[in-house]
Amino acid sequence: MAQPDNKKFFENLTGAGKAIAVLTSGGDAQGMNAAVRAVVRMGIYVGAKVYFVHEGYQGMVDGGDNIKEANWESVSSMLQVGGTVIGSARCKDFRTHEGRLKAAHNLVKRGITNLCVIGGDGSLTGANLFREEWSGLLAELVQQDLIDEEAAQKYSALHIVGMVGSIDNDFCGTDMTIGTDSALHRIIEVVDAIMTTAQSHQRTFVLEVMGRHCGYLALVSALACGADWVLIPEMPPEDGWEEKMCQKLSATRSRGSRLNIIIVAEGAIDRHGKAITSSIVKDLVVRCLGFDTRVTILGHVQRGGTPSAFDRILASRMGVEAVLALLETTANTPACVVSLCGNQSVRLPLMECVQMTQQVQKAMDEKKFEEAVRLRGRSFENNLRTYKLLAHRKPESELPQSNYNVAVLNVGAPAAGMNAAVRSAVRVGISEGHKMFAVSDGFEGFYKGQIKEVKWADVGGWTGQGGSLLGTKRTLPAKYIEKIAEQMRKYNINALLVIGGFEAYLGIMELLAARGIYEELCVPMVMVPATVSNNVPGSDLSIGADTALNAITDTCDRIKQSASGTKHRVFIIETMGGYCGYLASVGGLAAGADAAYIYEEPFDIRDLQSNVEHLTEKMKTSIQRGLILRNENSNENYTTDFIYQLYSEEGRGVFDCRKNVLGHMQQGGAPSPFDRNFGTKIAAKAMQWITKKLNESYRQGRVFANTEDSACLLGMRRRAMVFQPVVQLKDETDFVHRIPKEQWWLKLRPLMKILAKYKTSYDVSDSGQLEHVALNQPREFEATAAI
């Protein structure tokens, strides 16, 4: 098939004759192994030699068996392993000139001039210094007769690409570093467990999390669990915070809560630079309030365990992008770091990012705390602003009096994170002076009048709850428009916030169409996408999709592990999603699948036969397990049973088969940290938009909004959050199959095929542009998205 002229494909890039070394340095982080796997397999795929450097820079200095050539099977079964299997070490030797000279000699001996470094800002700064000194180091090696002039000429330039592996998310220029999401999973698992015991005994718990110089983990986990108080190094509390905190804890208890959660970053300080430790906070609570208080220090638990789906996908994408960056470098290309911006991979000059990161610490040292928060980036700023808005209730006397009534409802199937979105919407609405109403059971409950006012305390503890506490139904409003209009008149509803999936999208359209008949529907309406299928037009991501991906990934890990020690086995796994192949494709990338069958990419019997042959070849190596994912509606004839029977028959004598239908377990469970925060932030933004629209459309004593832009969907598009009139999304929608006509994640499918050793085309049109850190700062809303 001819490739379109306007696209750039990586087949034009070749790694033949190149040698790439990959190393992990500094503190370990979950997902590093996924990055190593991606670098090795992509490197081999393009024809390069790839080497492991064991034990970080120490291994590079020591040489010998620490630098080993990798093959395809070297990185099998490491995707789901935490930490780094090639080892990491802090290295004093590499900080010396002599150490770097030894390292250069060890690389040149093997013809390595491309270095992929996975670590924090210290590791990446060291790599850049090594690159700057390279020509001088080679000259010294020639003088000492350790290498000849020909070798010095041949290996005259060292190319560096960095990936940031750090659980603290303390590196400027990227929305998320490898390991951060997994660390948040560990923290939230602990917080959820602690909340149950704290409730039983009416206790206060002080949790200390990692973050010596960066409060990201503390701040985001506080946002994700609805903590009463959080202490971080970037924004120390005002003088007199002790009294304010105790008042807040006391007020929470007086409203009927049986527990308090306080989260402290290990580097928390007060305005004068004095450390605020978890034990200081505990003693304060006991002394002032007499509450039964316990301290839990999470420590290295946060670094351990299996990487989350987010970290596996992030690391796999970064690893592939790093190899592409190395293939495209010239002698004049500055060292770059591959990072995440929104849901896109970008390349940024390494030292620009390092300098920006160092500026944050400088601002904190100079007690310019607002500046430190700003330098951390829009995402950090927005997290802090949203936390303050939701955690600290203003006294009634300080609230603006708007006299507007806003209704919130869930529509469609339940999705983890819906409750976090409802809590956020209710509390932001109350803070803006509105009366908030909750509608039970979607549009069905709406026309039946199941509407009641909700107060601040009514949504306490909702963030960590799965499903939909309001109740949700798939019923569409068209048949009941008259009754819905009547209820809107009865309760004087001035605006609607609808949280849901494709039914919510259709529902908003039906309400919009009826505006000409019913004036009650001429109010601002906004939809926030929440569905595990991730099939809503106008948004790259939906609330609930990340939790479902983690459920799929965890189950695939267990299923694959069940075959360890047995004969060769292939698993066929069916995922949800309707006609949308997002869960099968992205879940396949996270779980290391060999193939994922989806509706959007038609397949026939020849493709199935080719996959069977591919697996047969694979089973002749040391690899013993195969994984195939199938979206539930990928093909009406090639069912899961059919594929299972075909593989069983064709693989007879080589491998046996098992099948598993994951079903509704993908919709259940506690929401992931990502879904809690995504739901919280997107709903807060939606409520702020509603307030703005209400003020714009209030005239002659009432709200009247009937323009296209008064009924919007708030979605994440590439790098930003965007409000889009639902009318304008019609042309982007395949209504028959309930999917968007164009889906960004289809670009990720070739990655899964490449990492499973299939020959394929990979569009790299978006790659290759070296951007600048400054360009990433002024976005209206930093959209941190998975994948």
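What is the strand order of the open sheet of four strands? S19-S20-S18-S21, with parallel pairing. The views below come from a predicted model, in which local features need pLDDT of at least 70, side-chain atom pairs count only at pLDDT 80 or more, and totals for chains, interfaces and linings use all residues. Residues are numbered from 1 along each chain as its sequence is written, and side-chain values use heavy atoms, with hydrogens and water left out.

**View 1. The open sheet S19-S20-S18-S21.** Strands (E, at least two residues) and helices (H or I, at least four) are DSSP runs, numbered from the N terminus. Two strands pair if DSSP finds at least two bridges between them. S19 and S21 stand at the edges with a single partner strand each, so one side of each has no neighbour in the sheet. From one strand to the next, the twist averages 20°. S18 and S21 run parallel and are joined by six bridges. Phe571 has Arg658 in S21 as its bridge partner. Helix H19 (residues 582-591) lies across S18, S19 and S20 and runs at about 160° to S20. Axes are lines fitted to C-alpha atoms, for helices over the stretch in contact, and angles run from 0 to 180 degrees between N-to-C directions.

**View 2. The buried face of helix H21 (residues 640-650).** Thr640, Ile643, Leu646 and Tyr647 are the buried residues of H21. Buried means under 20% relative accessible area, exposed over 50%, and partly exposed in between (1.4 Å probe, protein chains only). Down the axis of H21, the buried residues fall within an arc of 130°, so they line one face of the helix. The arc is that of the directions from the helix axis to the C-beta atoms. An α-helix has 3.6 residues a turn, so residues three or four places apart point the same way. The cover over these buried residues includes strands S18 (569-575), S19 (595-597), S20 (625-631) and S21 (656-661), and helix H20 (605-618).

**View 3. Strand S5 (residues 159-164), enclosed on both faces.** Six of the six residues of S5 are buried, so S5 is largely enclosed by the rest of the structure. One side carries His159, Val161 and Met163; the other carries Ile160, Gly162 and Val164. S4 (residues 114-119) pairs with S5 in the parallel sense over six bridges. Asn114 stands opposite His159 in S5. S10 (residues 336-341) also pairs with S5 in the parallel sense, over three bridges. Met163 stands opposite Val338 in S10.

**View 4. Leu124 in helix H4.** Leu124 has 0% relative accessibility and so counts as buried. Setting aside neighbours within four places in sequence, Leu124 is in contact (heavy atoms within 4.5 Å) with residues including Gly162, Met163 and Val164. Val117, Gly119, Phe171, Val337 and Leu350 are also among its contacts.

**View 5. Helices H3 (residues 97-109) and H4 (residues 121-143).** Their axes come within 9 Å and cross at roughly 75°. H3 and H4 are therefore roughly perpendicular. Angles under 35 degrees count as roughly parallel, over 145 as roughly antiparallel, 65 to 115 as roughly perpendicular and the rest as oblique. The contact includes Leu101 and His105 of H3, and Trp134 and Leu137 of H4. Its residues divide into 11 nonpolar, two polar and three charged. Ala, Val, Leu, Ile, Met, Phe, Trp, Tyr, Cys and Pro count as nonpolar, Asp, Glu, Lys and Arg as charged, and the others, Gly among them, as polar.
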